[in-house]
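Dear colleague,

I am passing a structure on to you with this email, and my notes on a few of its residues follow below it. Please read them alongside the coordinates.

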Amino acid sequence: MVYEFVIVGAGAYGCAVAYHLAKNGHSVRVLEAGEIATEASGGGGKRGVRGNRRDIRELPLISEAYQLWPTLAEELGAPTGYVRTGGLNLIEKESVGMRGGMVAAEAIRATQNELGVPTEFWTAEDVREKLPQTSTSIRGALYAPLDGVAGHQDTTLAYAAAARREGAEITEHDPVLHIFDRGNGACHGVEAGRSGLIRASQAILIASNASAGSLATENFGCRLPTWTAYPQAVWLRPENEFQCPYLIGHDNRTLSVKVDSEGVIQLSGGWRGRLDPLTGSGTPVEDNVDGSIRELEATFPGLGSLTRLGVDTSRAESGSVDQLPIIDTIPGTQGVVVATGWSGHGWALLPAVSALIAEFLATGTRPRQLEHTAINRLRG
């Protein structure tokens, strides 16, 4: 079996890149060890499409993604759950090092506007007018009206279905056992548990997120400066209805808040679970669950008591040392590309960056928009 491109991992990026390649007439095979839209691309709730307070190197990309998200469901022919809610980053105090506080608000607002993320400054009075349940300690906020949320599982499944319609083949329960670089032969190759040897005449993309680093090490001796973590999401029902249409972040607290149509709060933002060695999956750390809830209570005391509905820490995510992804050819290979180290921030960029990765694979030339994702940025 020979394809132009073989993709390892049928998560959001694996399926989206397959869609773009197949749409442009390329033959594509996607291998998934489990099922489509599992791990970081699966689970309940929605994820933020956030430009507000993002690394400035990614602002042009989120600006492009802003334009693509509203019509993505129509393009893919299936729902994505996208809603443009606006995003609010609350400012509470100055003691946040050199990166935030009221003193930095105007510079951040102006820079985000300049780089394609429309941003307004809200005073404390503006915040409490819009969100009366907010703590009186909140001093202001940065508001990005083009921020929003989308369903990660729905969107990944939509990309997979669209990729298949365009001719891409996706095989589930087909773990990759070994990856071969081109070497002296004519093709790259992947040995899969179910499908056996599959060859790629142009390139292989390792897009399996949390396992991408180990695949790079095991197959090519390349140690990427990434790691695996298990982000925590907590679902809560407040005593008092939370009238909050926005995607909420915080300048100095570890806090991200979304509210669904039933009034249930999805609480995340950086608290983590831990790996359970018996199951090989993430499991909650109760102190971290309690700590996350305390942050919410301190920020929105008007919610009253909170009823815990569920916790999920089962979705492995990859992190990188500078919180930016690595999208590059693995050193020493002739066409094995890795896309990992998303640090939980890659989701919002999906419609824009997946098309750029497809371009990178098809042409062999890195698009200038992805210059900041090169491995050599982290090496002397």
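Asn-209 is buried, because its relative accessible area is 14%, where buried means under 20% relative accessible area, exposed over 50% and partly exposed in between, with a 1.4 Å probe and protein chains only. Asn-209 sits in the loop that runs between β11 (196-206) and α6 (212-220), the helices (H or I, at least four residues) and strands (E, at least two) being DSSP runs numbered from the N terminus. Although Asn-209 is not a glycine, its phi is positive, at about 55°.

This is a predicted model, in which local features need pLDDT of at least 70 and side-chain atom pairs count only at pLDDT 80 or more, while totals for chains, interfaces and linings use all residues. Residues are numbered from 1 along each chain as its sequence is written, and side-chain values use heavy atoms, with hydrogens and water left out.

A positive phi, near 50°, is also found in His-173, a residue other than glycine. His-173 belongs to the loop between β8 (169-171) and β9 (176-180), and it counts as partly exposed because its relative accessibility is 43%.

Gln-112, placed in helix α3 (residues 102-114), counts as buried because its relative accessibility is 3%. If neighbours within four places in sequence are left aside, Gln-112 is in contact (heavy atoms within 4.5 Å) with Gly-51, Asn-52, Arg-53, Arg-54, Leu-59, Val-117 and Thr-119.
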